[in-house]
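Please keep the structure open beside the text while reading.

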Amino acid sequence: MEFDVVELSRLQFALTALYHFLFVPLTLGLSIIVAIMETVYVMTGRPIWRQMTKFWGSLFGINFVLGVATGVTMEFQFGMNWAYYSHYVGDVFGAPLALEGMMAFFLEATFVGLFFFGWDKLSRVQHLVVAWLVAIGSNFSALWILIANGWMQNPVGAEFNPMTMRMEMTNFFEVIFNEVAQAKFVHTVSAGYVTASIFVLGVSSWYLLKGRHVELARRSITIASSFGLASALSVVVLGDESGYDAGMNQKMKLAAIEAMWETEPAPASFTLVGIPDQEARETHYAIHVPYVMGLIGTRSLDTEIPGIEQLVEEAEERVRSGLIAYDALMTIQAEREKTSDTVKATFEEHSDDLGYAFLLLRYLDDPRQATDAQIAQAAEDTVPTVWPLFWGFRIMVGLGFSFIAVLGYFFYRASFKGMQFPRWALRLAVVVIPAPWIAAEMGWIVAEFGRQPWTVDGILPTAMSVSNLSAGQLLLTIAGFSLFYSVLFIVEMGLMLKYIRKGPVQDEEITDKWMEKHSHRLRTHDGNVPGATPAE
Amino acid sequence: MILHELIDFGTLRVIWWALLGVLLIGFAMTDGFDMGTGALLPFVARNDTERRVVINTVGPVWEGNQVWFILGGGAIFAAWPPLYAISFSGFYMAMFIVLAAFIVRPVAFKYRSKRQSSTWRSVWDWALFAGGAVPALIFGVAVGNVLRGVPFRLNDFLMPTYEGSFFGLLNPFALLVGLTSLAMLTMHGAAWINLKTEGLIQSRARRFGTRAGVVAMAGYALAGLWLTMMPGYHFTHAVAVDGPSNPLFNGVAHGGSWLAAYADRPWIIVAPIMGFVGMAMALRGLQSGGEATTLLWSKLGILGVISSVGLTMFPFILPSSVDPDSSLTVWDSSSSHMTLFIMLVAAVFFMPIILAYTAWVYKVLWGKVTEEQIKTSGETLY
């Protein structure tokens, strides 16, 4: 069996990124929820909030460390497996990564140790500040990595330099304020908040079902459902913003998500479900909702959204234009400083399409010798495999709306029904715990699989981005990562379950002290001292 | 935007070359003692409580320290993209082993004491040992290979091809440098344990730290002698310090000696002197019982040793043994003028803040970790 280095490199990246992304959303959300709980503790002084902070903090810690550990792989994998990518775009893509280290990683990693070990060494307010710094650090890290990723989807603020054979930054602010990156950031962190909210909600519901830690569970549900509901709404709004941006910048991705083979008259209908058939270029058993796609993609009723076939035709034009740039580039490489101004001007004119000429390198060494059939094939290659995008997107969106329903229901019961939750709802909340992770992984697939065949949209094909490695080396590391990550996953799940079963640890001394101080306020109307509910 | 032209390209390149050194030295000074502590774990701690004492000396700080490593990777990517691309893909299997160590180590710290089982704890203790010792060795082996030259070549698209193998990295000179690096960081770990513990653990750390320090000094001296017989690299024609970042535009030859740098720039002798003095004073401190000062001397030793490698090779960063013209140097393998400038502004702004809060955290955590604390801590410690 023949293994292809490009496919293996992609497999390894997908495996390690999807795995890393199992821990990231929970870190993003739980860090904030824990910080909110500690804020309530510092403001009210009630020991139960300290207990909640410590309990959810301990689960945060078990999860956080795997996010850190698997994140190291992400930072180094570009150089290891994607050497040409690293050379070609490092000037632009590396900067947000380094800024992530300086602004985010140092902050969260330096203070996370103090969060766990500093309870007795810091004042209450100091410890609260530490908790917030961890949360802010985690969320900053999402900002910078999504600025880097946003540039791969929508490469603004950079241009190709023929002397150095790479993309170079021309405008840093365009890179930072890339609309795709900004929409992605809010969408992704909100999704993380929803993940953590559903997690806290589910675990707390399990306690209520078991009749354990009732006071902690109810308060946690109140926090999780209100914070989660706001976040779930924000995910959908910002997801829509991402869809709109894709409509502007990544038309092929949008068309593939929609399985929209041919351009429809505006406003396009939205295909609710169907079975996309890549070969025949049609979607069987499709159920359409009129107008919706046109509204999402263009926010207008009269702008057309191009279908896949039209986009392939446009890609073929760009391959031909890219070949002119490629030819000029060869001249520039040979003549360097002595290159004539006409060649330079020709290159400038067509350099935006250079990446399309690179698509031909899969078929022949010198793209300039390409036949019409090969050029047509290269244009065809710009179409990603449609069904994973079509279904990934629908699963993600379906789950996203279901989170609004679940969190909304719990928010309503917590706010207006005296925190009484029916057992069916509690069971549902437990069952739904894994769903945000499924939605998040689907989101990654839609965003990154939908970018294919490019690593940087329209600039650098994936096939060209890889390192000069052998299939054997890649198989070895894929096997190593799979084994390693599976063991860690089992260990992590085991510890999570152990600590969830064990429940919160009550700090007797602090609780007693607080009770003594506040006992006069806890007396009920008939003058009895309530002993059963300590330190609420 | 023309703001970046405030500082000329050549100067920026030198600044970023120095900052690369600062990051690597920062990494070795901070995470270095975490690795050294891991490498010493089986030797200085003989039962579970003792091991928990040792682990908790680095427990609250290893996470922040490890960021020096990650930022090192990120900064190489941002400031020296070809270096990042060629070294990480070329040293592929070695990098994979380092990654494995840096994945298992955090998990081992965090999870080790979360179960009572002695098998469970023993497995993670070995993971901490390997996670500290193996990368410390590999980093040295990598430096040794860089000094010898690495077998890669670039084509006209600047696409790198690596022609060596994993076992090719394990040549005698590189292994000597690897051993030196392991011994130096073990000494540094001992200086840390010496500061943070007391009693039996502290005296064991002094004993093993002294041995490691002697090996480190001997290895460093031997590697220096070896360099007198080993060919270096030099330019065959003068290069523009502000030219485009294309390694192929320069002519390079393999030959002469790296040590010729000491004739051209005599002042760089300061670096190896700092290396020897720092390590010797750290050894003396381990003998006489100095604590904070021993750690500082050890840091000075690390500063001297690592900067001596960089200063000796300057302006070379990654010489190619099979195609010297492909060699990466300070003048031809950096990011663009604008990117270097923006990154410098960010570094000037953020690094002092980072150093300030890191110092504050260390201050809060100042003091020894004792067996008493471990026994009464319950689950709040590792």
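**Note on the two chains and their contacts**

1. Chain A has 536 residues, for which a compact globule would have a radius of gyration near 24 Å, and the 27 Å of chain A agrees with this; the radius is taken over C-alpha atoms, and the globule rule is 2.2 Å times the number of residues to the power 0.38. Taken along the principal axes, the C-alpha atoms of chain A fill a box of roughly 95 × 50 × 45 Å. The secondary structure of chain A comes to 19 helices and six strands, where helices (H or I, at least four residues) and strands (E, at least two) are DSSP runs numbered from the N terminus.

2. The model is predicted, so local features need pLDDT of at least 70 and side-chain atom pairs count only at pLDDT 80 or more, while totals for chains, interfaces and linings use all residues. Residues are numbered from 1 along each chain as its sequence is written, chains are lettered from A and ligands numbered from 1 in the order in which they are written, and side-chain values use heavy atoms, with hydrogens and water left out.

3. Chain B, with 382 residues, has a radius of gyration of 21 Å, which agrees with the value near 21 Å that a compact globule would have. Its C-alpha trace spans about 65 × 50 × 35 Å along the principal axes, and its secondary structure comes to 13 helices and six strands.

4. How many residues of each chain are in contact across the interface? The count is 74 residues of chain B and 84 residues of chain A, contact meaning heavy atoms within 4.5 Å. The area buried between the two chains is about 7,000 Å², with carbon and sulfur atoms giving 76% of it; buried area is the accessible area (1.4 Å probe) that two parts lose on being put together, summed over both. On the side of chain B, the residues that lose the most area to chain A are B:Phe77, B:Tyr92 and B:Phe157, together 11% of what that side buries.

5. Across this interface of chain B and chain A the rule finds zero salt bridges, a salt bridge being a side-chain nitrogen of Lys or Arg within 4 Å of a carboxyl oxygen of Asp or Glu. The elements of chain B that give two or more residues to the side touching chain A are α3 (62-79), α4 (81-90), α5 (92-111), α6 (118-148), β2 (160-162) and α12 (337-364).

6. Within chain A, the domain assignment gives domain 1 (8-257 + 382-511), domain 2 (264-298) and domain 3 (308-381), with bounds that come from an automatic or database domain assignment. The C-alpha centres of domain 1 and domain 3 of chain A lie 38 Å apart, and 19 residues of domain 1 are in contact with 22 residues of domain 3. Between these two domains of chain A about 1,600 Å² is buried, 77% of it from carbon and sulfur atoms, with zero salt bridges and four residue pairs in polar contact. The largest share of the domain 1 side, four residues, comes from α8(A).

7. Some backbone details deserve a separate look. Most residues other than glycine have a negative phi, and most peptide bonds are trans. The peptide bond from A:Gln452 to A:Pro453 is cis, with omega near 5°, and A:Pro453 lies in the loop between α16 (435-449) and β5 (454-456) of chain A. In chain B, a cis peptide bond joins B:Phe314 and B:Pro315, with omega about 5°. A:Ala259, although not a glycine, has a positive phi of about 50°.

Technical notes: Polar contact = N/O pair within 3.5 Å; in protein donor to acceptor, adjacent residues only side chain to side chain.
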